[in-house]
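I opened this notebook to record what I looked up, entry by entry.

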Amino acid sequence: FALLFYVHLGLMGWAASNYGPAMVEDVTDAYANYSDFLGYYNNNNNRGRRMTRILYDSAINAISGKYRRLEDDEEEEENNYESNISIGDVVLLMGVSTIFCSVVSSLALCLLMNHSSKLIKISLIVNIVIGTFVTALAFLAGSPFGGIIFLLLTVFVMYYAWAVWARIPFAATNMKTAVTSIRKNGGIIVIAYGSLLFLFGWSVWWIVAFVASMYATGGCSADGVCENDPNGWIVFAFLISYFWTHQIIKNTLHVTVAGTVGTWWFSRLEATSFCSRAVLDSFLRSVIFSFGSICLGSLIVAIVEATRDILDAIRHRGDSVLLCCAECFLKCIEMLVEYFNTWAFVFVGVYGYSFVDAGRNVVRLFRARGWTAIITDSLVDNVLFLVSLGVGLITGVIASIVANSKGMLFGNEAGTLAIPFIIGLVIGFVLTSVAMSVVSSAVNTVIVCYAEAPNEFQTSHPELSNEMRTSWRQAWPLDFKY
């Protein structure tokens, strides 16, 4: 499966290099015919804006067959882009947001380690408060049906909080142990950010290959007229390609985290520094020895995701109850397969199992512990999302303050207020979510390792082991014998 993945990457590169230049040449020649094109393009102040618009229009033309003349939008562009913003100002905002987010994310890790139990309780209470507020808002807006629906959801959230409240110490201890392992091996966060950059690069590459292939195989021209309809099988193959690579990038990071935490669990001395041997060895095992297993597990999810997207597109052309049910069914399968893979890849990362052997161990783990781990996983993920959102909002406020102090203008007054905040919010939320995904992977690894090897943890980390023993006994008073 690893070889199949590399072949698929080669095909994507061939599609981009073979079809891309012809499409760009056609589009350039077509737009060069407009009388105002060269003069507008040679204007240094508008060059980047104009070429971006050309590439955007070309992509839309190739896919949808719709065409919009640039001259028709001349006045609209001038009205919408009145601004004194330079590229340097935008880079400044992004840089400040990134630096500030990195600092706050580090502080957030300390907060998770020292106040994990309180944060879990806060996240549950916040969910109830939000549900109550939305319910009241629906009734006040004169929508009794919506109010009843939100009321039932709020009642469910309250019941859920009541049901899991006793397991909060268990989830909190697992999270504290996971954050401790990540802080001891901080280099894994760098790999996580590298994965984000790689995903961005892959998305750009995929878009170029997809648009160029649709343009060439459809016999399209620069004005958006296509002789043939897009081939459904080619579209399906491209969707599998994108989702497969996305899953591989995500799961490679997950396996790397699992291997690092596993090494820290069993061999403390090998995993106690920022660039520890455990981080590098775990990453190399993920991209070399375990890569075939990662490709196999990721391909299963990718096929389900691509099929669901195709069904969604068909359903929007002609609504059908059967298609809606099929799409919902596939979404459920996708969630179950992704959840199963999450635990299977922990065994792949810690023990080096193949994907099939790892799957057998996941089944054995669930038989031994039941499905309580799902509840714990949900509790932790709720907190991590809340932390990511909080850091994003704070970063957005900082970006707005910087923009205001520099006198930046984004169109009208609303844009000047909103756009810097959105830039900071997106950067803060995305970067913090990447760091929190590492924590989530570490928590799952901690659960597996303690269920499999509690004695080894007692030897390597006695203080944390004593805390975990107490919380696990509270969670499983009858089953836990250690």
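**Entry 1: confidence.** I first looked for the stretch where pLDDT stays under 50, and I found residues 34-83. For this stretch the model has 61 contacts beyond four places in sequence. The model is a predicted one, and where pLDDT is low, the predicted coordinates should not be read in detail.

I then asked which helices mark the two ends of the confidence range. Confidence is lowest in helix α3 (residues 47-64), with a mean of 42, and highest in helix α11 (residues 277-287), with 88.

**Entry 2: the chain as a whole.** I looked up the secondary structure and recorded 18 helices and 0 strands. The protein chain has 482 residues, and 44% of them count as buried. I also looked at contacts with a separation of 6 or more: residues 24 or more positions apart account for 77% of them. The accessible surface comes to about 24600 Å², and carbon and sulfur atoms hold 68% of that surface.

**Entry 3: a nonpolar patch.** I next turned to the surface and asked which residues form a nonpolar patch there. The patch consists of Phe139, Ile148, Leu151, Leu152 and Val155, which together have about 450 Å² of accessible area. Helix α7 (residues 144-164) supplies the largest share, 4 residues. Is valine 155 partly exposed or fully buried? Its relative accessibility is 45%, so valine 155 counts as partly exposed.

**Entry 4: salt bridges.** I asked how many salt bridges a search of the whole structure finds. The search finds 4.

The side chains of glutamate 467 and lysine 176 meet in a salt bridge, at 3.2 Å from N to O. This pair links distant parts of the chain, 291 residues apart: glutamate 467 lies in helix α18 (residues 462-475) and lysine 176 in helix α8 (residues 168-184). Glutamate 467 is partly exposed, with a relative accessible area of 29%, and lysine 176 also counts as partly exposed, at 24% relative accessibility.

I next looked up glutamate 338 and lysine 250, whose side chains meet in a salt bridge at 3.6 Å from N to O. Here too the pair links distant parts of the chain, with glutamate 338 in helix α13 (residues 321-351) and lysine 250 in helix α10 (residues 232-266), 88 residues apart. I recorded glutamate 338 as partly exposed, at a relative accessible area of 23%. Lysine 250 counts as partly exposed, with 38% relative accessibility.

Entry 5: Finally I asked where arginine 277 and aspartate 281 lie. Both are in helix α11, 4 residues apart, about one turn of the helix. The two form a salt bridge, with the closest N and O atoms 3.0 Å apart. Arginine 277 has a relative accessible area of 58%, so this residue is exposed. Aspartate 281, at 26% relative accessibility, counts as partly exposed. I note again that helix α11 is where confidence is highest, at 88.

Key:
Residues are numbered from 1 along each chain as its sequence is written. This is a predicted model: local features need pLDDT of at least 70, side-chain atom pairs count only at pLDDT 80 or more; totals for chains, interfaces and linings use all residues. Side-chain values use heavy atoms; hydrogens and water are left out. pLDDT is the predictor's confidence in each residue, from 0 to 100. Contact means heavy atoms within 4.5 Å. Patches are made of residues with over 30% relative accessible area and no salt bridge: like charges are joined within 9 Å, nonpolar side chains (Val, Leu, Ile, Met, Phe, Trp, Tyr) within 5 Å. Accessible areas come from the Shrake-Rupley method with a 1.4 Å probe; for residues, only the protein chains shown count as cover. Buried means under 20% relative accessible area, exposed over 50%, partly exposed in between (1.4 Å probe, protein chains only).
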